Amino acid sequence: MKSKHWTWVGWPLGALPLAWITMQAAGGQLGPDPAETLVELLGWWSLVMLLACLTMRPAAQLLKVPGLVIWRRTFGLWAFGYVCMHFLAWATLLLGWDPSFLGEELTKRPYIIIGMLAWLALWPLALTSTRQSRRRLGRKWVKLHRLIFPAVLLGVVHQSWVQKSGYGETLIFVSVLLILLLYRILHGRNMIRK
Ligand code: HEM
């Protein structure tokens with residue numbers, strides 16, 4: 001399949017969790033505290049999309065399907081989209097945009113600060129995700145896009161801090177991240193290039 005076609009398959013794939021979350025919410029199936037569950041689910045999928053983004057190059061190499069590399073951008077942008085919705089759901093549904101709550105949470109809760117830092121790290125990546133930016137920035141683009149690593153690391157730390165169901169999921173996230181980092185170390189420095 002041509003890479004152009006692969007790109008388009010990635011977009012609906014990334015949208016599937018959102019469609020599922022929306023259906024659960026519409027059907028009143030988000031449990032006793034729907035707002036909290038919604039924030040949790042959007043956060044969870046942010047992290048999964050970030051890890052999916054990092055998985056694409058190794059997957060393309062190991063499965064010998066070069067077209068998969070295209071999905072790094074797709075899943076990276078989906079990750080950014082899910083984090084934005086995660087933040088908006090948190091600020092709207094849990095804090096009601098109350099400035100005093102917001103101020104307190106953003107300054108006094110380390111896990112929120114870590115989440116914010118992870119989110120901030122993703123902004124320059126999303127804003128320079130176009131082909132034109134990539135061409136314009138050249139080597140700088142490659143360096144800039146290494147911000148994905150601190151972002152995902154902070155995302156995992158944040159998840160381990162806020163989770164309420166034990167460290168099982170954290171262990172899975174950490175293991176996947178370690179495998180991806182190990183692969184990157186073993187397979188040289190060109191992992192982020194096309
Ligand atoms: C890259 C950025 C982020 C990632 C990957 C991320 C990921 C996650 C994950 C996976 C969870 C679910 C934890 C669990 O129950 O297992 C979560 C929960 C949470 N996140 Fe984030 N998050 C990010 C940014 C943020 C930001 C910017 C905020 C707010 C400023 C935030 C606030 C929260 C809160 C309050 C919860 C707990 C929800 C609840 O159960 O009450 N996160 N996040």
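1. Let's start at the ligand: one of its nitrogen atoms lies 2.8 Å from a side-chain N or O atom of H158. This is a predicted model, in which local features need pLDDT of at least 70, side-chain atom pairs count only at pLDDT 80 or more, and totals for chains, interfaces and linings use all residues. Residues are numbered from 1 along each chain as its sequence is written, and side-chain values use heavy atoms, with hydrogens and water left out.

2. Two further side chains join the picture. H86 has an N or O atom 2.7 Å from a ligand nitrogen, while for Q159 the distance from a side-chain N or O atom to a ligand oxygen is 3.0 Å.

3. Around the ligand there are 22 residues (a heavy atom within 4 Å), and E36, E40, H86, H158 and K164 come nearest. By class, this shell has 10 nonpolar, 8 polar and 4 charged residues. The helix α2 gives the most, with 7 residues.

4. Now the space itself: the ligand takes up the largest pocket. A pocket here is an open set of points on a 1 Å grid over the protein atoms alone, where a 1.4 Å probe fits, with protein on both sides within 12 Å along at least five of seven lines; lining residues have an atom within 4 Å of a point. About 950 Å³ of space lies in this pocket.

5. As for its lining, 34 residues take part, with V39, E40, H86, H158 and V162 nearest the centre. They divide into 18 nonpolar, 9 polar and 7 charged. Here too α2 gives the most, with 9 residues.

How values were computed
Polar contact = N/O pair within 3.5 Å; in protein donor to acceptor, adjacent residues only side chain to side chain. Sits in = over half its atoms within 2 Å of the grid points. Helix = DSSP H or I, 4+ residues; strand = E, 2+ residues; numbered from the N terminus. Nonpolar A, V, L, I, M, F, W, Y, C, P; charged D, E, K, R; others polar. Points joined across faces, edges and corners; volume = space filled by probe spheres on them.
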